[in-house]
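Hi,

Here is the structure I promised to pass on.

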Amino acid sequence: MNSFTEHELDILNGDRFQFGKNWLSFIKTLNNERIANAEKSLIEFLKTDNLTSKKFIDVGSGSGLFSLAARNLGASVVSFDYDNSSVESTQILKDKYYRDDENWLIMQGSALDNEFLKTLGEFDIVYSWGVLHHTGSMWQAIENVLPLANSKGKIFIALYNDQGPTSAKWLKVKKMYNSGVIGKLFIGSIFYSYFFINLLFYTLKKGKSPFKYLSYYKKNRGMSVFHDWRDWIGGLPFEVASNEKVIDFFVNNGFYLLKIRTNNGLGCNQYVFEKKL
Ligand SMILES: C[S@@+](CC[C@H](N)C(=O)[O-])C[C@H]1O[C@@H](n2cnc3c(N)ncnc32)[C@H](O)[C@@H]1O
């Protein structure tokens with residue numbers, strides 16, 4: 001008899017998107033320009049030129065692009081993800097760029113598993129971009145990653161913006177997408193067309209080429225529009241948070257806000273917090 005992991009059961013039950021499969025496809029598009037843009041995003045938010053001698057943990061490493069970017073900037077890196085295919089994707093990048101490097105460790109693990117987290121130690125930078133709202137228990141996951149920051153450690157996270165009833169509607173869309181092949185085809189055909197037509201209108205209205213937009217999009221953390229659309233349409237579990245609640249939570253837990261970039265629509269608010277001494 002087959003025995004399934006919890007992760008596999010969640011996917012079979014339609015409760016979880018196959019993030020890692022999307023990342024394995026994304027890394028086929030990876031090039032030096034995307035890697036440089038990922039590095040730029042870390043430099044900009046962490047307000048530094050490099051990460052030399054910093055300890056960096058990538059919680060929910062996904063493709064592994066930001067672990068690679070942090071390693072390129074001089075950090076020693078620990079990456080982990082819950083999805084085995086995301087772990088595989090991160091490992092492929094390590095094998096390509098940093099084979100046999102002892103300063104980059106990759107593991108499978110969950111931000112909801114406190115026993116696992118306790119084995120990892122403390123870090124100068126805890127990076128968890130677009131992850132904790134996909135764990136199924138967002139506030140618990142946020143609380144769990146706080147002890148990963150050392151004294152004066154920084155936590156750089158991105159969480160989906162709370163859009164109230166609009167977020168509730170998106171949750172229904174994501175549930176339908178993950179419900180099976182028919183749901184995927186139905187929701188996929190509607191929303192890929194919707195995003196594509198929106199993109200055409202938006203760019204043409206501004207007198208710009210849609211192709212230019214696609215290439216400009218790469219500058220946004222080195223990501224790809226199509227893979228981000230798929231991640232957005234499918235990304236389940238899905239929770240959202242308001243800036244006020246997130247900031248209150250961190251301040252009440254001994255951190256202060258260093259940087260914030262808000263998003264008024266779909267997508268993530270980005271925050272960098274630093275631990276108070
Ligand atoms: C949208 S992706 C973001 C990936 C990457 N951080 C980035 O910025 O490109 C979300 C990732 O979180 C991972 N994830 C979901 N639940 C998790 C958990 N409980 N612990 C660790 N990673 C988790 C998913 O497998 C996926 O790879």
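**Strand 2 and its surroundings**

D58 has S79 in strand 2 as its bridge partner, and S79 in turn pairs with I106 in strand 3.

Before going on, some ground rules. This is a predicted model, where local features need pLDDT of at least 70 and side-chain atom pairs count only at pLDDT 80 or more, while totals for chains, interfaces and linings use all residues. Numbering starts from 1 along each chain as its sequence is written. Helices (H or I, at least four residues) and strands (E, at least two) are DSSP runs, numbered from the N terminus.

Strand 1 and strand 2 run parallel, joined by 5 bridges; strands count as paired if DSSP finds at least two bridges between them. Strand 1, helix 4 and strand 2 form a right-handed β-α-β unit (with the strands pointing away from the viewer, the path from the first strand over the helix to the second runs clockwise). From strand 2 the chain then crosses through helix 5 to strand 3, again as a right-handed β-α-β crossover.

Helix 4 (residues 65-72) has 7 of its 8 residues buried, including L65, F66 and R71. After helix 4 comes G74, with a positive phi near 105°.

Cheers

Key. A residue is buried if 20 or more other C-beta atoms lie within 10 Å of its own, exposed if 12 or fewer, and partly exposed in between; C-beta atoms are placed from the backbone.
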